Amino acid sequence: MESRYNFWSSTEQGQTLLFNGRTGAMLCFPDAVEEDRIRQTLRGDSDYQQSLLKRMGFLWDGTAQSEAEAVLARRNEMFQRDEPAELMISPTYGCNFRCTYCYVCFDNYKMNAEAEERVLKYCRGFIDKFPKVNITWFGGEPLLVWEQVARISRQLAVYATESKRSLNLLITTNGYLLNEKVMRTLYNAGVRYIHVTIDGCDQGQDTRRVMQDGSATYQKVLHNFIDAMQTYPDLNGTLRMNLEPDSISLAHELLQKIPKSLRGRIAVHPTPVIWDGVIRDNQFFCNVADVVSHALDEGYAYYDNDIPIGRRRHCNAECADYFQIGPKGELHKCSPSNKPEVTVGHINENGEPVYHENKIAWENASKPDKQCLNCKFLCFCQGGCRLDRVRGEHDPRCRENYIAITQHIANYYKAHMRNRNNER
């Protein structure tokens, strides 16, 4: 039978694309005759290229239910040997920004020496457990305690070397404090990836991502980001843009501000800002997808958040081994602001996890509801937010993420072809 997770799209040159969301396989048809023959096979009217289509996932030997189960089976597995295990550390939930759309309740508490020691013990065991590990610094704003971030990072690198493990250190920051001294210290401590948010050129940023006193941030953040990327040729980055209808054009302008020589190391991640009770029309989501198309045309790297390819899970919170570690050594499944359900335990003085009843509730919220199991987009979201399932809720707007699915597929194809051409 034809896979439920087949999608059709087209290139800017008018070629037809067939994409499978479960496997990430894609076919580009040179002419209408070949496309028609494949469509016949998918309908069951022909056996043309049948074995190839099965191997790529466009045909499925089984029921629609069993294919959905195959999608969900991946997210419940532990981190595998061929992928990095993920861990996040938030040394503070304080922040020097007051972004207009932020949902966080700020807490200026900062990780003390005793909590730092417990976290280091826990991380040592985590690094020992997996051959590849990604550890991301998060917040709040982690650079409020940048010296501590650097100190812990250096020690984590020592653990990885002693255990003969591969360690990748990343930081998510608003970029305001990422000056030359801070970046040099972080780089020397092993940080090789920075994730910075800029919501578009000039007023795109300065009407949304402002300091606590409301002052502007755009020029300083952009300067810090560019300076860091120029100074360290092996540093990679993500440029995130939280976009609203009036800032789409400013996102395009921002892409022109970053030197062309840096763009191949910067992945662009535009995402729509959705307010409760605010309806966004379909064109808005298509315009956000257009930012990705423009970024690829301008030489930026591709970020696969829209249609995750090859990931075992849409969100790391699905994995039993994943936690966000808070400044007191708490163990959260995601950012805890106004979400007490996500706190599942803490790290004790021996660096061991101690869990409480929320861990059980989280484990029991594995199965999506029926409407998710029957959804064509299950291959991407894998049942949506696990916290919603813990709460017994379902986001009625979840399908908005895929309004521009044909553009997402075309963008993925464009990135794939560009990478293939660059390798020649």
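How are helices α5 and α6 oriented to each other? The two helices are roughly parallel to each other (angles under 35 degrees count as such), in a predicted model where local features need pLDDT of at least 70, side-chain atom pairs count only at pLDDT 80 or more, and totals for chains, interfaces and linings use all residues. Residues are numbered from 1 along each chain as its sequence is written, and side-chain values use heavy atoms, with hydrogens and water left out.

**View 1. The crossing of α5 and α6.** The axes of α5 (residues 146-163) and α6 (residues 180-188) come within 9 Å and cross at roughly 15°, the axes being lines fitted to C-alpha atoms over the stretch in contact, with angles from 0 to 180 degrees between N-to-C directions. Helices here are DSSP runs of H or I with at least four residues, numbered from the N terminus. The crossing of α5 past α6 is left-handed, that is, the near helix is turned anticlockwise from the far one by less than a right angle.

**View 2. Residues at the contact of α5 with α6.** From α5, Trp146, Val149, Ala150 and Arg154 take part, and from α6, Lys181, Val182, Thr185 and Leu186, where contact means heavy atoms within 4.5 Å. These residues divide into 5 nonpolar, 1 polar and 2 charged; Ala, Val, Leu, Ile, Met, Phe, Trp, Tyr, Cys and Pro count as nonpolar, Asp, Glu, Lys and Arg as charged, and the others, Gly among them, as polar.

**View 3. The surrounding protein.** Buried residues (under 20% relative accessible area, 1.4 Å probe, protein chains only) make up 52% of the 424 residues. Along its principal axes, the C-alpha trace spans about 70 × 45 × 45 Å.

Key: Angles under 35 degrees count as roughly parallel, over 145 as roughly antiparallel, 65 to 115 as roughly perpendicular and the rest as oblique. Buried means under 20% relative accessible area, exposed over 50%, partly exposed in between (1.4 Å probe, protein chains only).
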